[in-house]
Amino acid sequence: MRTSTARDLSFAPQRARISPLAVVSPDAEIGPDVEIGPFCVIEPDVTIGAGCILESRVVVKSGTTLGPNNHIFEGAVLGGLPQHVHMPESPGRVIIGSGNTIRENVTIHRALESDEATVVGDNNLLMVNVHIAHDCRVGNLTIFANNAMLAGHVTVGDRAYISGAVAVHQFCRIGSLAMVGGQAHIVKDVPPFVTVDGLSSLVVGLNQIGLRRAGHSSDEVRRLKEAYRVIYRSGAPWNEILARLRAEFTEGLAALFYQFLSTTTRGILCERRPPPGATIRIPQEFAEPYPMRHARAG
């Protein structure tokens, strides 16, 4: 039986659907099945992969490459110039993978050097107002909640979760499957698989929920707990901690602790729990129960 022409065409790639109110450079490379909404601006030297959807008012600036099937929401600006006091004459690029959801007003900036790139991987969710600065590298399957901010040269590993209003200092690293609580100020590296409390910006244990959702076994989690205790509970000097991690945890997820910690340049976040034997001296004015102090003040 002969198949109809209409059925053949239903499986063929369709031409891009571009609003007449959008401004698209003829020097931009637009893939099949792309949708570009009204008031979008697509500059030259841009590649937009197949199946991408750009809602209205999206700006994709020169030097930006989008892989397939990304969904970009209103007001996002991709490929803006780096925010730097010494603006480069020839900035680098922005390279974004596939399957990402980039919500309203997200900004992602180009790298400082012409042979470098700001990179965002695959299947990430960047919520409203997220900022990714120049030379950052974001892995796959990460989630950034509203108003999270990465300074320049920050690296974020796969499946990391960055909560709302988190600010990350330049050159810091956030390891795979780390969970950073809301409004945390990250000024040192966050090891993989840990949870950071937003109020104190300190480590408070493993990200056990994230590990379970990622499908890791109870044996893997047990080994991670053992390595975590070496790092945060042993009280050993730094070099001894690295030596133990290297010798005792050679396989599986726990081996990633040594790889990460041995390459840190900023140091790692401390644990919120005080080390064994630590004491906190209470000032005299706070030594009495609260009602007594309150009564005297009244």
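**Entry 1: F171**

I began with F171, which touches G152, H153, V154, D189 and R266, leaving aside residues up to four places away in sequence. Contact here means heavy atoms within 4.5 Å. The model is predicted, so local features need pLDDT of at least 70 and side-chain atom pairs count only at pLDDT 80 or more, while totals for chains, interfaces and linings use all residues. Residues are numbered from 1 along each chain as its sequence is written, and side-chain values use heavy atoms, with hydrogens and water left out.

I then looked up where F171 sits: in the loop between β23 (167–168) and β24. Helices (H or I, at least four residues) and strands (E, at least two) are DSSP runs, numbered from the N terminus. Is F171 buried or partly exposed? F171 counts as partly exposed, because its relative accessibility is 44%. The cut-offs are under 20% relative accessible area for buried, over 50% for exposed, and partly exposed in between (1.4 Å probe, protein chains only).

**Entry 2: the whole chain**

I found 6 helices and 28 strands in the chain. Of its 298 residues, 42% are buried. Among contacts with a separation of 6 or more, 30% join residues 24 or more positions apart.

**Entry 3: the open sheet**

I traced 8 strands in an open sheet with parallel pairing, in the order β3-β6-β9-β12-β15-β18-β21-β24. At the edges stand β3 (29–30) and β24 (173–174), each with a single partner strand, so one side of each has no neighbour in the sheet. Two strands pair if DSSP finds at least two bridges between them. L66 stands opposite I96 in β12.

**Entry 4: helix α3**

I looked next at α3 (residues 218–232), which has 15 residues and spans 21 Å from its first C-alpha to its last, close to the 21 Å expected at 1.5 Å a residue. The expected span is 1.5 Å times one less than the number of residues. Which residues of α3 are buried? They are V221, L224, A227, Y228, V230, I231 and Y232. Their cover includes β27 (194–196), β28 (203–206), α2 (208–213), α4 (238–248) and α5 (255–261).

**Entry 5: rings**

I counted 2 aromatic pairs. Rings of Phe, Tyr and Trp (its six-membered ring) pair if their centres lie within 6.5 Å; planes under 30 degrees apart are stacked, over 60 edge-to-face, and the rest tilted.

F193 and F257 form an edge-to-face pair, 5.7 Å centre to centre with 90° between the planes. F193 is in the loop between β26 (185–186) and β27 and F257 is in helix α5, so the pair ties together parts 64 residues apart in sequence. F193 counts as buried at 1% relative accessibility, and F257 counts as buried at 1%.

Y228 and Y232 form a tilted pair, 4.9 Å centre to centre with 45° between the planes. Both lie in helix α3, 4 residues apart, about one turn of the helix. Y228 is buried at 5% relative accessibility, and Y232 is buried at 13%.

Last, I looked for charges over rings, meaning NZ of Lys or CZ of Arg within 6 Å of the ring centre and within 35 degrees of the ring normal. The charged end of R103 sits over the ring of F73, 4.2 Å from its centre. The charged end of R173 sits over the ring of F260, 4.0 Å from its centre.
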